[in-house]
Amino acid sequence: MAVYLKQSTFTTKDAQRPQVAPLTGGALAKRSRAMAVMRAQDKTTSLGRRVIGAVSMAGSLTWSVPDTDPDNATQTHPLTGEVRTVHRMRCDVTPGCFLRLNLVYVPSGQTQVEVAAGTDYDAGGAGGSVRVDVEWFNRDGGSITTTHALATLASPLEYGASTDQPWVDVRSSTVLFVTPDDVVQADDLATWTEHVHAEITVSHVGGVRMVDCSVEEHTRTVVREVDDDADLWTSHMFAAVHPDGDAPLVRYPMERLVDSTPDGDPRGGSWHTMDVAAAQRLRLGPQLIGWSAWNENTADVTDDDIPEVTTSSATFVRVVDAVAGDYDADGPGWTLGGYARGYAENHPYWSAPNGSIPVLVAVYGACESNSAAGRVRVQASDSSWVEVVIDSRSFGWWLGYGHLRCGVAPGDPSTVQAFYRMDSGSNGLQIRALGVYRMGRYAPAEI
Amino acid sequence: MVDPATAPDCEFHGLSAGGGNLAQMAVDNSGWGTDISVDTGVLVESTSARADLPGERTIDVRVQTDNGDSGYLYTYGNNSLSTSFGDVICEVNGSDIITYTVEEMGGSPEDFLISWATEPNPLTTSAADAYRSDLWIHNLDQDTWEHATATHAVASATGEDMVWLGSAPGTDQFTGVAYELRLSRAYHSSTETAETFVAVSSDPTLAGVERLEFPVPTRATGAGDNEMYMGPIEAVAAKAVAANDLLMAGPSINEVCSGAFANDSTLTMVDPSDADFTMHTEFLRRRPVAPSANRARVRVFLQQDAVGVTSMDVRCYCANAPGPIAHPSASPDDYERYYVTATRAADDGIGSGGGAWVDLGDVRIARDIQGYSWFWLGFDADAIDYWRIRAWTVEPVQETAGDVPGGGGLG
């Protein structure tokens, strides 16, 4: 019989620092001192708030939805109800967390309805929404797709014109729980909190004028079945209901609460404490980069997917602006954090001035021709990069795993730049989105 | 450089400072101090236990060579690292998994560092790709790096001889000049390789706390079993969990920007509390910040241009509402706003490649009722004609110092 342990972590936001001295030699052995460590292990997964990806104005100065009369012979506005993708992301969701959709916008513009294709369009009404579609993959091989949306206010101005006072008219809205369906029962929660994988699409519907939109993680609930593999226990699950709740009676010291297999309760002892420490370092880490090629300035209202950036160059050019072909630590780029450094890869004998972390680089792209191949390089220093090879005409996620130089901590800046080139074949290499996240040596729920 | 022999996972380290002296390289500088033998032009350890590393390991070789050289650099059974007239070849279980033609290897001898690092492949789909290898080649004279990678099965050889600079005594000897050899038990990233064999970076000036994993023994060690003291396990676990408080704290804002010049923006408003600064809606963000952080480090990549004028100020705000004229709820929270400002004095022109990073420092974090922080940029451009932001990063910081950087406060 399956035995589940459940904790709500929704309101947990404080790290605990259990005292070390009372646990060292010569100190009196007391149950409470060991329990403090186990309780602290239950709070780690709730401290993330990882931004999985974001798409914003990013310095653009004009809205893609115009202020003009939508009653027109040509398509000048988005078609009513048409879904236009602006970002794609992928991540392994931190156990115990689900996603949030966060939107900042100014009132939406007009849409059009097509009366006669290419010759006659009427006003479809102002307004729009931003939606997030997530395909969730669990560790049992199952998947489910969910859709959540945020409606935006419509501009009251003529033709749905954009406001001339954006600071006064800026609005925000949030979908607090972007989750798989039916995550109420313990068995479902166990399935969807065991380090699942998510592939995320953010889209505009209608005349959205988006200032900023991000998808991030927020802690909610974690459930484990007592026979789950040891490396899945990123939380100790010590206390009931929530990490500060009632604790079981631990007969200190001992290895586990119930030492039977199956259905033994692994909590409460030194074995499980060690397993949780290992699982946290194995599975937890930051989401680092979530870039989309979508650009508010240049995107066309007829684009139903992210307008890709393309190169046919046989030598590397920078993905973002094609200005440079060589890595330049003093040039513009992204940053990598330095808080996730592992001991083995950053042994103190060498790592005082520098850091390195394992990452997964994911590129959503394609080649324009059959029998062609190209590659994307994500580079963090002159001696540190990860490459992703793309050799298909079908758009999809292409993955590369490797190790990138990172800072030791904030204040030690890292600059990360992405380059791409064609390796063989004709036409070009196309990229719509790019993501980078820290990935340990665990088997992901989906590759 | 870091002493490569002192690495705790070093199994063998041989060095010939002048190059090519096998007797010198046979002396093991690792902590084991177990020398190996010179035999007919190669270095050999028979039935080598320390080289029996079927999965994770790193081989580093520093040589002087050109594209006329060939021969084996390292051999353990049917697993080897070799060169062949400009190619570097990694062999696992008798199959060449990497044959890489070195771009920066010409007809004249130059110094190269060749590093072959192997680790488990987290993206494995079968036993055939259970491991992955990185081959990094550094031309020490030209200061260039090259890289190749491949996946492969676990190396199956065991109980073989460890052979350096040949495949067997008198066979397949390397025709270049070897200076340094190292076999390591762990995977070494290229960053570590560069710090060890090329140059040590200067110590950075850090903001806030530094975090590094505090290792805890695994259950397989038996350290947590019955009849063992429980205190030490809980003590190291306490250290580890405290070091994990920022484990998932990635950037809140990490973006590269469009090429538009911000001076053309009409999406602006003058800061009512400081008329020198104009706030830009196109740089307004609402993002979460890791709850363990109490500051955020802000950097922008700024390009600016004006004839005879070079100085402009950039300010990053962090507030619990989007600016001073935000829509308040019926019972609004106290308005909380902080900012940091930096001045940059440079004239970059308006070309597509100009600009530089500006480190604004750490800003205090204000959070709204849902836990989000509002960040935006403002500019005091004075007489600057053109400016644009080409990248913007906001990273969480846990600051332990008591000072309050920047300005602002409760409104």
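In the predicted model, B:Arg299 lies over the face of B:Trp357, 4.1 Å from the ring centre. A second pairing of this kind involves B:Arg315 and B:Phe277. Here the charged end of the arginine sits over the phenylalanine ring, at 3.8 Å from its centre.

Aromatic contacts were examined next. Over all chains, the structure holds 17 aromatic pairs. One of them brings together A:Trp291 and A:Trp334, with ring centres 6.3 Å apart. The planes of A:Trp291 and A:Trp334 meet at 65 degrees. Angles over 60 degrees count as edge-to-face, so the pair falls in that class. A:Trp291 belongs to strand β13 (residues 287-292) of chain A. A:Trp334 lies in the loop between β15 (317-318) and β16 (355-367) of chain A. The pair therefore ties together parts that are 43 residues apart in sequence. Both partners are shielded from solvent. A:Trp291 is buried, with a relative accessible area of 10%. For A:Trp334, also buried, the value is 1%.

Chain A contains four helices and 21 strands. Its radius of gyration is 25 Å, close to the 22 Å that the globule rule gives for 447 residues. Chain A is therefore as compact as a globular protein of that length. Its C-alpha atoms fill a box of roughly 85 × 45 × 40 Å along the principal axes. Of the 447 residues in chain A, 64% are buried. Contacts with a sequence separation of 6 or more were also counted. In chain A, 80% of these join residues 24 or more positions apart.

Helix α4 of chain A covers residues 270-283. At 1.5 Å a residue, its 14 residues should span 20 Å. The end C-alpha atoms of α4(A) are 20 Å apart, which agrees. Of the 14 residues of α4(A), 13 are buried, so the helix is largely enclosed by the rest of the structure.

Further along chain A, strands β17 (residues 373-381) and β18 (residues 384-390) form a hairpin. Two residues join β17(A) to β18(A). The strands pair in the antiparallel sense over seven bridges. Within this pairing, A:Val376 stands opposite A:Val388 of β18(A). Strand β18(A) is mostly covered, with six of its seven residues buried.

Chain B holds three helices and 23 strands. A compact globule of 411 residues would have a radius of gyration near 22 Å, but chain B has 28 Å. The C-alpha atoms of chain B fill a box of roughly 85 × 65 × 40 Å, again along the principal axes. Buried residues make up 57% of the 411 residues in chain B. Among its contacts between residues at least 6 apart in sequence, 71% join residues at least 24 apart.

Burial was then examined within helix α2 (residues 190-197) of chain B. Eight of its eight residues are buried, so α2(B) is largely enclosed by the rest of the structure.

Conventions:
Residues are numbered from 1 along each chain as its sequence is written. Chains are lettered from A and ligands numbered from 1 in the order in which they are written. This is a predicted model: local features need pLDDT of at least 70, side-chain atom pairs count only at pLDDT 80 or more; totals for chains, interfaces and linings use all residues. Side-chain values use heavy atoms; hydrogens and water are left out. Buried means under 20% relative accessible area, exposed over 50%, partly exposed in between (1.4 Å probe, protein chains only). Two strands pair if DSSP finds at least two bridges between them. The expected span of a helix is 1.5 Å times one less than its number of residues. Rings of Phe, Tyr and Trp (its six-membered ring) pair if their centres lie within 6.5 Å; planes under 30 degrees apart count as stacked, over 60 as edge-to-face and the rest as tilted. A charge sits over a ring if NZ of Lys or CZ of Arg is within 6 Å of the ring centre and within 35 degrees of the ring normal. The radius of gyration is taken over C-alpha atoms; the globule rule is 2.2 Å times the number of residues to the power 0.38. Contact means heavy atoms within 4.5 Å.
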